[in-house]
Amino acid sequence: MLAVGPLPPWLQAVVDKHDPLVLPGGAEREAFLAEHAASVHVAVTTSFTGVGSELMAALPNLRAVINFGTGCDSTDLAQAERRGIGVSNTPDVLTDCVADTAVALLLDALRGFAAADRYVRQGRWETEGPFRLTRKVGGTRVGILGLGRIGRAVAARLEPFGCRIAYHNRRRVADVGYPYYDSPVALAEAVDVLVVAVTGGPETARLVDRSVLTALGPDGYLVNVSRGSVIDEEALVELLATGGLAGAGLDVYTNEPHVPERLRELDNVMLLPHVGSGTVETRKAMSDIAAANLEQFLKDGTLLNPVVEPAETN
């Protein structure tokens, strides 16, 4: 077994019972893989680290990747499918906390609470007078890009605010009454706030491109709790800095943990360090699911939460 990247303590405790190898970084990695790669059958990792193309190719006998997190875009799923390497994730349990985070980001994007907090702390209230006026949340038109578990949970939380919900999905959702728009651009044109809740990966890379951001317009706001890869980050920063967008609330970025300096300098953006699921309760539940997938695979070669099914072995 190979531990790839730092693991949460609850999952690490389970992994440690199996006397794992720990993948080193830097100059030591090549020698480590030369010595141990052939003996690795299972890798345990997180959505932040993953088992990328190069590492997966270097593990000739890998049979399963146990992933802590819902998103698996840091792991080479295409190669896993070709080779019959099973990949598991930890779905469902982080829905509520990520949806809560999206609502908090939306509230701050419109009302500017974090900026107002800085205004007070910097002594500017006393010297410059009242803080700027902001945007009312009630009655706002909110577009959900990706009406899956998290998108639906966000919509349910915003309805009591009096927000008017619309959505775009790869396909219509049969059991909801929200207006459906057939493209991200069409949705962006119709709403005041665009909440991005799609999955990451190649299929959604730069789904929210310059045309979508421009369609939101100078009075529009963006909230992203998906993956940084979904947004054209360069266009986003430019539009926020030049008045092409009113504001944003972001929990994810293209090259985490790097956040562009120009973005950090803007006062119309709330920036969180990818903490959407970052509560004790949720991370413990995610660890339990990852550990259960690990134990199940070691027991009989199957996964409880497969993103990619493992090949059957005799």
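A quick word on ground rules. This is a predicted model, where local features need pLDDT of at least 70 and side-chain atom pairs count only at pLDDT 80 or more, though totals for chains, interfaces and linings use all residues. Residues are numbered from 1 along each chain as its sequence is written, and side-chain values use heavy atoms, with hydrogens and water left out.

**The whole chain**

The chain has 13 helices and 12 strands; these are DSSP runs (helices: H or I, at least four residues; strands: E, at least two), numbered from the N terminus. Its radius of gyration is 21 Å, close to the 20 Å from the globule rule for 314 residues, so the chain is as compact as a globular protein of that length. That radius is taken over C-alpha atoms, and the rule is 2.2 Å times the number of residues to the power 0.38. Of the 314 residues, 51% count as buried. Buried means under 20% relative accessible area, exposed over 50%, and partly exposed in between (1.4 Å probe, protein chains only).

| Residue | Relative accessibility | Class |
|---|---|---|
| Asn-89 | 10% | buried |
| Thr-282 | 5% | buried |
| Arg-141 | 32% | partly exposed |

Let's start with Asn-89, which sits in the loop between β5 (86–88) and α5 (95–111). Its side chain reaches the backbone oxygen of Thr-70 at 3.1 Å. That's a polar contact: a pair of N or O atoms within 3.5 Å, where, within protein, one must be able to donate a hydrogen and the other to accept it, and residues adjacent in sequence count only if both atoms are side-chain atoms.

Next up is Thr-282, found in helix α13 (residues 280–300). The side chain of Thr-282 makes a polar contact with the side chain of Thr-279 (3.1 Å). Leaving aside residues up to four places away in sequence, Thr-282 touches Val-93, Leu-94, Cys-97 and Ser-277, where contact means heavy atoms within 4.5 Å.

Finally, Arg-141 belongs to strand β6 (residues 141–145). A polar atom of the Arg-141 side chain lies 3.2 Å from the backbone oxygen of Ala-190.
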